[in-house]
Amino acid sequence: MTTAASTGAGPQPAGLMEGAIATVAGNGAAGFISDGGPGALTRVHYPYGVAVDKNGNLFIADRNNHRVRKVTPSGLITTVAGDGTAGYISDGGPAVATRLHYPGDVAVDDAGNLFIADTYNHRIRKVTPNGLITTVAGTGEAGYVSDGGPAIATKLHYPHGVAVSRSGNVYIADQHNHRVRKVTPNGNITTVAGNGTAGYVSDGGPAISTRLYHPIAVAVDGEENLYIADRHNHRVRKVTPNGNITTVAGNGTAGYVSDGGPALGTSLHYPWGLALDEAGSLYIGDQHNHRVRKVTPDGIITTVAGNGTAGYVDDGGPAAGTRLYHPLGIALDRAGHLYIADHYNHRIRGVTAVAQMTPPLPPAADLYGEVVSPYRVQRGQEFDLGARIRNRGPHPADGQSVTVVLTLADGLVGGPGTTGRRLTRTFTGQQLPPNQGTLDGVFRITAPESTPPGSYTCTLEIQYGGDLNLKDNSYTLPVTVVVPAPVADETALTIFQDTVPEVAAGQRAAFNVRYTAPAGQPVNPGTIVQRYSAPTGFTFVGQPTYAYYETIHGVISGNLGHRVEDGGRTLVITANPHVNTTTSDTGSLIYTIPVQARTDALPGQFDNGSASVGRHVPVQLSGKITGAAQNETALRVVQETVPGAAPNQNTTFNLEIRSLGNQPVNPGTIEQRFTAPTGFVFTGGASYGYYFAQPYVTGNLDARLEDGGRTLVVSSNPHLNTGATDRTALIYTLGIRALPDARPGTQSDDGQAAIGRLTPVPLTARVL
């Protein structure tokens with residue numbers, strides 16, 4: 001991205017009104033055709049970073065084409081670095097004849113030198129105006145060694161962002177090192193933000209002493225203030241020239257709340273690209289909100305491009321009213337035009353005169369529907385069906401502008417006061433407050449005794465008028481009518497401990513307790529008290545959770561209401577352990593209950609714990625305390641095979657985890673983050689297996705999805721060689737799905753498995 005404003009306008013078409021959007025490169029089809037023609041008529045492939053030089057030339061990190069492309073102000077596109085083959089050959093020769101490997105970002109200085117974050121080569125490359133390429137930082141080996149020496153002699157770890165200041169300092173978002181590094185004009189490298197530990201601590205102190213979490217992009221202004229897209233912290237941070245760090249946008253919670261208010265009080269969702277205009281406004285590629293946001297010098301945030309819905313509509317209209325699809329890198333030219341790497345649309349979009357325009361006011365209200373649908377109901381039973389209308393915008397909404405229409409399937413009838421199959425509700429006289437409150441569009445419905453068992457499809461529409469903004473206003477609501485009534489008694493459940501945790505003294509683990517019902521029988525005992533006693537040497541710690549892993553909706557999970565008694569020896573859970581009553585509680589229910597071995601615990605297996613679930617016969621709980629064991633840094637992770645799937649089809653990753661020298665490893669419960677390769681998302685299915693043990697030991701992993709399935713977060717204890725049940729190797733099986741628009745024949749290796757403090761391991765998948 002640029003660090004100083006360009007002296008010329010870029011390739012944005014002339015004659016468009018302020019704030020209008022147009023495509024300047026890429027025709028929407030992923031791939032590579034040729035160079036030399038109009039940029040808007042050729043192909044790009046998952047563009048990442050963009051930059052504009054002082055003459056108005058637009059540079060594109062054309063990631064999956066392993067090239068950097070240039071679009072002149074007249075709109076012609078050429079390649080300036082990379083021969084299209086992933087890899088690394090050498091430096092010192094023509095940039096167009098060498099290889100890049102998934103370039104992630106570009107920057108350009110006033111002398112015309114082009115800097116490239118050559119991400120998978122773990123290098124920052126420099127292309128001179130005469131076209132020769134060299135390395136300015138990174139040895140090509142992933143990792144971190146030290147600071148203070150020559151940048152070309154140290155390690156980087158998947159550098160994704162690069163910026164260059166007017167004084168010639170090159171700033172690097174050293175993503176997996178959780179640092180931002182600076183390379184001075186004399187070639188020395190130092191850290192200017194991040195202590196190397198992922199996370200977030202606080203603001204206001206020295207930037208080098210705090211934490212970053214996968215910094216992905218950087219920008220620097222004329223005063224050498226550094227801006228960082230602290231991606232997994234959902235913040236944009238600022239580091240002053242004296243080294244102090246603060247947050248300038250994002251409250252740390254992923255999501256979207258509203259525009260028009262303080263940037264510090266709103267939510268971002270995996271921010272990526274950064275750019276600055278001459279007036280000091282900051283622009284943010286708010287990736288998962290499918291928007292580009294603008295923060296003015298007084299700290300107010302607005303949207304300048306994207307309406308929050310992923311996709312592509314057309315060009316020529318207001319940028320704030322159209323769709324983007326995961327906007328990543330952004331840049332500004334001297335005329336104030338904004339350029340956006342519209343990643344999944346395989347385009348670079350330009351927005352006219354963004355720096356001069358006043359962003360449009362946010363809608364009076366930003367509404368969305370929260371569907372209420374039980375899916376499975378008993379014949380003769382009343383149930384709720386419809387949606388609650390919520391407001392996440394900055395202004396109130398007038399209820400008279402909102403109508404909910406529910407059309408029932410034949411066989412279902414509305415409650416008292418309704419007639420026919422078409423049920424409506426308008427909210428005249430009601431006000432929906434900003435950022436809170438709901439309008440109740442939920443109806444009472446009955447499946448009469450005469451209704452045959454089967455599936456019944458209803459439709460729901462939320463109609464709106466006035467100055468409102470409402471997403472996803474049409475829904476299909478399937479309802480399955482079943483005959484047998486659920487058993488209202490917990491004694492019908494089968495309850496057992498899934499696996500016996502094995503930990504060293506002082507370490508954490510978890511009891512996994514499984515609840516099932518025979519032959520899929522519905523069981524709905526209501527809220528009951530469940531008392532758990534820890535085995536000798538163990539205490540209950542942390543938040544117990546529940547999860548249904550076998551639903552058609554993916555993993556359904558949440559926290560359990562609880563209290564701890566007797567100094568941790570007793571856990572009391574108050575909850576309803578229902579199964580098979582809807583599609584969201586099918587199969588088994590798994591309780592994950594965190595425990596810790598006491599520091600003075602003696603080695604051995606202890607079988608004197610118990611689970612007393614209401615009137616159910618108490619179930620034995622066991623735990624094993626071992627001798628000293630290594631933590632997760634002694635593990636080694638290997639992807640067994642490269643899975644393949646056609647678009648919209650499912651397959652699995654199989655990861656093999658072993659320990660160095662088959663030594664005991666027992667890290668306790670740790671967070672493990674898996675990122676799907678481009679073109680794939682996780683399905684939520686996640687299981688483990690010890691297949692060298694006899695008999696096999698298998699089970700489900702406690703997992704949740706983030707980023708629309710792009711990220712899978714697992715919380716578990718990947719222990720090995722602590723006993724007879726976890727010998728030799730641990731296998732993770734993770735479900736993935738190829739996206740409907742994934743391009744057949746492509747293979748991406750930009751996924752990763754990050755297990756605790758282990759160095760992340762790349763994950764690869766192929767689209768068939």
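How much space lies in the second largest pocket?

## Pocket

About 860 Å³ of space lies in the second largest pocket of this predicted model. A pocket is an open set of points on a 1 Å grid over the protein atoms alone, where a 1.4 Å probe fits, with protein on both sides within 12 Å along at least five of seven lines; lining residues have an atom within 4 Å of a point. The volume is the space filled by probe spheres set on the points, which are joined across faces, edges and corners.

The lining of the second largest pocket comprises 41 residues, and Ala-510, Asn-512, Thr-592, Ser-715 and Ser-716 lie nearest the centre. By class there are 17 nonpolar, 17 polar and seven charged residues (Ala, Val, Leu, Ile, Met, Phe, Trp, Tyr, Cys and Pro count as nonpolar, Asp, Glu, Lys and Arg as charged, the others, Gly among them, as polar). Strand E39 (residues 508–516) gives the largest share of this lining, five residues. Strands (E, at least two residues) are DSSP runs numbered from the N terminus.

Strand E46 (residues 589–597) has eight of its nine residues buried, so it is largely enclosed by the rest of the structure. Buried means under 20% relative accessible area (1.4 Å probe, protein chains only).

E39 pairs with E46 in the antiparallel sense over eight bridges, and Arg-508 stands opposite Gln-596; strands pair if DSSP finds at least two bridges between them. Strand E41 (residues 538–540) is joined to E46 by three bridges, also antiparallel, with Phe-538 opposite Ala-597. Four bridges join E46 to strand E42 (residues 545–551), again antiparallel, and there Tyr-548 stands opposite Leu-589.

## Aromatic rings

Rings of Phe, Tyr and Trp (its six-membered ring) pair if their centres lie within 6.5 Å, and planes over 60 degrees apart count as edge-to-face. The count comes to eleven aromatic pairs. Tyr-120 and Tyr-158 form an edge-to-face pair, because their centres are 4.8 Å apart and their planes at 65°. These two residues are 38 residues apart in the chain, Tyr-120 in the loop between strands E7 and E8 and Tyr-158 in the loop between strands E9 and E10. Tyr-120 is buried at 13% relative accessibility, as is Tyr-158 at 9%.

Ring pairs also link Tyr-46, Tyr-325 and Tyr-344 into a cluster.

## Basis

Residues are numbered from 1 along each chain as its sequence is written, and side-chain values use heavy atoms, with hydrogens and water left out. Local features need pLDDT of at least 70 and side-chain atom pairs count only at pLDDT 80 or more, while totals for chains, interfaces and linings use all residues.

Terms used. Rings of Phe, Tyr and Trp (its six-membered ring) pair if their centres lie within 6.5 Å; planes under 30 degrees apart count as stacked, over 60 as edge-to-face and the rest as tilted. Buried means under 20% relative accessible area, exposed over 50%, partly exposed in between (1.4 Å probe, protein chains only).
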